[in-house]
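These are my notebook entries on what I looked up in one structure.

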Amino acid sequence: MASSYAANNQDKIDGLILLGAYIYGDFPPVKALTIYGTLNANLEENINYTDNIVFIEGGNHAQFGNYGQQKGDPPATISSEEQQDIAVQAILDFIKERSEKSE
């Protein structure tokens, strides 16, 4: 939903951050950050771009939040805390890089 909104409102959106999700719609990948776990079931087949992708080895979809196991999602091989720490650092790096480019 966020990706679709961003694609339809590019004049209002500076960037897009996706956790366990992919760009849907016509939003430029260079302005988006896609973070997903290598155990995030079936996500990779929907990604047809290469810009700003962070793979978290051993991470899954459910561990981006705290809502429990997701149907079809294999169990993660890293802790929720480790996955979330990696994701937070990737987000901070992305925001810093985008802000430096706009200066």
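Entry 1. The model is predicted. I began with phenylalanine 55, whose relative accessibility is 48%. Phenylalanine 55 counts as partly exposed, because this value lies between the limits of 20% and 50%.

Entry 2. I then searched the whole structure for aromatic pairs and found one. The pair joins the rings of tyrosine 36 and phenylalanine 55, with centres 5.2 Å apart and planes at 75°. I recorded the pair as edge-to-face, because the angle of 75° is over 60 degrees. Tyrosine 36 belongs to strand 2 and phenylalanine 55 to strand 3 (residues 53-56). The two are 19 residues apart, and the pair links distant parts of the chain.

Entry 3. Is tyrosine 36 buried or exposed? I found a relative accessibility of 3%, so tyrosine 36 counts as buried.

Entry 4. I looked up the largest nonpolar core, which has 12 residues, including Tyr36, Leu18, Ile23 and Phe27. Helix 1 (2-8), strand 1 (16-19) and strand 2 (32-37) each supply at least two residues of this core. I also noted a second, separate core of nine residues, among them Leu33, Ile56, Ile91 and Phe94.

Entry 5. I listed the contacts of leucine 18, leaving aside neighbours within four places in sequence. Leucine 18 is in contact with Ser3, Ile23, Leu33, Thr34 and Ile35.

Entry 6. Lastly, I turned to glutamate 81 in helix 2 (residues 80-102). Glutamate 81 counts as exposed, because its relative accessibility is 59% and the limit is 50%. From glutamate 81 to leucine 33 I noted 48 residues in sequence and 20 Å in space, C-alpha to C-alpha.

Key: Residues are numbered from 1 along each chain as its sequence is written. This is a predicted model: local features need pLDDT of at least 70, side-chain atom pairs count only at pLDDT 80 or more; totals for chains, interfaces and linings use all residues. Side-chain values use heavy atoms; hydrogens and water are left out. Helices (H or I, at least four residues) and strands (E, at least two) are DSSP runs, numbered from the N terminus. Buried means under 20% relative accessible area, exposed over 50%, partly exposed in between (1.4 Å probe, protein chains only). A nonpolar core is a set of buried Ala, Val, Leu, Ile, Met, Phe, Trp, Tyr and Cys residues joined through side-chain atoms within 4.5 Å. Contact means heavy atoms within 4.5 Å. Rings of Phe, Tyr and Trp (its six-membered ring) pair if their centres lie within 6.5 Å; planes under 30 degrees apart count as stacked, over 60 as edge-to-face and the rest as tilted.
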